[in-house]
Every structure is written in C-alpha cells, then in structure tokens.
Amino acid sequence: MPTDSYNWRLDMPLLHLENLRVSYPQLNDRSLTWAVDNVSLSLAAGERLGLVGESGSGKSTVGRAIMRLLPTGSRVEGDICFDGKSVLALSPTELRAYRGEVVGLVFQDPMTRLNPVMSIGEHCIEMVRAHEPHLSRHQAKQRAVSTLEAVKIPKSRWHQYPHEFSGGMRQRVAIALALLLNPRVVIADEPTTSLDVTVSAQILQELTRLCHERQMALLLISHDLAMIADYCDRIAVMTEGKLVETGTTQTVFTQPQHDYTRQLLRSALHLHNADMSSFSATVATAQSSKPHVTAESSSPKPLLRLTNLHQHFTLEINPLERLLSRQDTTIRAVDGISLDLYAGETLGLVGESGCGKSTLCRTILHLLRPTAGTVEFLGQNLTRLSRRQLQRQRRHLQMVFQDPRACLNPI
Ligand code: ADP
Ligand code: MG
C-alpha cells in the first residue's frame, strides 16, 4: 500500500457523520419533522466526545442512527461512515460484525435489556460466543470473568440474576457486556442517570480508563454538561435536532460561542447551587421535625417502625462447594436496621449504590420477607400478616420506583 494512502487512512476519523438527518416514522406525511437535522461530527480513535443538550434534542437518536437501531420506516439522509465505509450501506453480515465487534453500547436503562431469567455469567458467555463462535466455553468464560473484574463485579456473582444486582451494579454489568468484544467505539447513552454521585463517578472513571487503555473511542451522551466536561476531550452541543457548537472542553467552557451553550452552562451552575440548597433544606426539616414530634405530644406513635431488620441473601452454590468453602456466601444487604418514621416526616435515606437502600424499601413493603427483625406499620407487625392482610396494608405503603420505564406499559 502506498505510504500516502496509509497515512490518509490513519488521519481519517474513525467515525464520521456527514449532514445526518433522521426522522421517525410519521403519522402525517405533510408535517415532516427532523429529530436530527443536518449534523456533521467526527470521532477519532481513542477520543472521548461528549454529546450534550436538553432532553428531546436528538442525542439518543444520533446514537441509535450510528448503531442502526432506528425503528423501521425512519428516514435517514446524509451519511455515517465508519473506518471509511458507509454504515448505511452495510450488508446484513457486515452489519452484524459492525454492531458486535466494532461498536459497543452502554444502555441507558440496563434492566430492560438484561434477560431476567439469565444469570450474569450466561449473559456474558452468550455475548462472546454470538460474535466469536470459535472460542470454547472455557475461553469465553475466562474473557468474561476478567472483563467483569475490570468493572469490579467479583467472580462470586457469576451465577446471580439481574434482579439480584443493585442499579449501579447492573450498569457495570452493561458496561462489561459492551466491552467484552473489545469494540473500537463505545456509545454510552446516559450511562449513569439513575446512579448516585460517588458510583457514577467511579463508573465513568472506569469507563474512560478502559477506553483509554484499549484506545477505544467514546461517545458519551448526556444532558449533564458538568459531567461531560469531567470526562471528555471534546464537546458537541445539540438543541432541537441541530448541532450548534463543537469544540474542546476547555474552549466550550471558557468561550462558548452559541447562546444555547451559554444557557446550558448557566443552568448547569444554577442547578448545582439549587441542589445544594434544597438538600440542606431537607436535612433541616428532618432534623427539626423529630424534636417537634417528641416534644409536643406525650407519646407519639411512629407510623412506621423498623426493629433490627435484616435481609440476607445466600449465593446459590452447590451444597458440596458450600461445605468445602470457608468463604462466607451470604450477602447482608440489610443488616440490623432500626428506625422510626413519624406522620408528616420526610426521611432521606442516602448511601452509595449497592449499599442496600432499595432492598430495605422492598423489605419494608414485604415484597421480600425479612430474614429477621420486624416492620410495624401503625403498630401492626407486618411480618406476622397473611398474604391477604398484607395486600390490604400495601395500599397504604407505596413505592416510587427508581426506573420509571420498568413500570410503564410500553403500549
Ligand atoms: P434526547 O436523547 O436528546 O433526549 P431523543 O433523540 O430521544 O432526544 O429524541 C429526539 C426527538 O425524537 C424527540 O422529539 C422525541 O420525541 C423523538 N423520538 C424519539 N424516539 C422516538 C420514536 N421511537 N418514535 C418517534 N419519535 C421519537
Ligand atoms: Mg436520550
């Protein structure tokens, strides 16, 4: 190959969008609207590009178009090139290779993508073997175990099912699944939306470190400008389907060119401050309401009382292994929690992902029977109730789920 053309290929962006326009199937043909409108964008190997903009601005649609995951009947104009080849013109076989081996994806909402009846280990093996059928089961497992370890999921969790993982851990499993095939581009669409600050930072650090080590390009899609700035070399700003600004993180932050970028920057700063003040207000309410309740009424009854509540899970290993292994296979998700909640009180339960917050809530509602301890609601011990009595009580105890899509009917 002549040197010139070789260099030319090296200098070429790995991924390039050329005047991309996308429109979803429309009910009414006369009012064609473009979810993505004339977007041109490049991503070089090993580069981390952040795509920001408010909800509905078309960011996920860009991600879906790159992955060729748009619903049938969508209209696509312009071009998407990967490694000098048009992605829109790939044959079905090429497309399969492109999706699996070339572009990995971290899903916005992993629970809806993970199969609830397949263990995490099976998910990994299936993913590797679907794309690299020549590997033996043993080789596939070795690769999977080390990838899971890279995202800090220990081998002991191999046989567990998605619902046995916390939200943050599921997100890490999704990252492992994306990295398993050593992709060259990772598209991460809001990878940490439902996570708390510490876990979200850990995950993004891991993701960016792994991308850097393996020279994978990262397209990080988020509405959170401050987060993007922490992890990306370059930023692209979208609004109403259009790309209004691209530049290095430093330039976009210090010299934003477009009004919309300035507005995003201002609201990012404002949100940050507002978060802090509402947080201190909540803490203040919680602190002030306690003495108020105890001081004014002689013996107020708590609405909800937890006494030494435990929720333990045992890892499923065979009995022989359990006898031989000295290792403790119990996960103490909730370990001796006692607290009172009074009428009108708002109690904030904080802690990093995986520390047991959601399990505690499920145990309070008796969606999981506690391993030990009691839950009293209006003085009645829920642990002793029959199924029917419990059902009646549950009407008074409601849970708002972390992941609203998992409880909304898609049709
Ligand atoms: P973002 O990721 O920036 O929040 P999206 O790419 O999800 O934005 O959405 C861009 C526009 O496309 C929105 O107006 C949205 O309502 C529309 N849209 C997204 N998904 C679909 C779909 N499956 N069918 C029809 N319209 C859609
Ligand atoms: Mg989106």
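A residue counts as buried when its relative accessible area is under 20%, as exposed when that area is over 50%, and as partly exposed in between. The model is predicted. By this cut-off E47, with a relative accessible area of 14%, is buried.

**E47 and its surroundings**

- E47 sits in the loop that runs between β2 (36-43) and β3 (48-52).
- A polar atom of the E47 side chain lies 3.0 Å from the backbone nitrogen of A44.
- Beyond its neighbours within four places in sequence, E47 is in contact with S42, M216, A217, L218, D233 and R234.

**Backbone angles: background**

- Most residues other than glycine have a negative phi.

**Q215**

- The loop between α8 (197-213) and β8 (217-222) holds Q215.
- Q215 has a relative accessible area of 46%, so the residue is classed as partly exposed.

**N308**

- N308 is located in a strand, β11 (residues 304-314).
- The relative accessibility of N308 is 42%, and N308 therefore counts as partly exposed.

Conventions
Residues numbered from 1 in each chain as written. Chains lettered and ligands numbered in written order. Predicted model: local features only at pLDDT ≥ 70, side-chain atom pairs only at ≥ 80, totals over all residues. Heavy atoms only, no water. Helix = DSSP H or I, 4+ residues; strand = E, 2+ residues; numbered from the N terminus. Buried < 20%, exposed > 50% of the residue type's maximum accessible area, 1.4 Å probe, protein only. Polar contact = N/O pair within 3.5 Å; in protein donor to acceptor, adjacent residues only side chain to side chain. Contact = heavy atoms within 4.5 Å.
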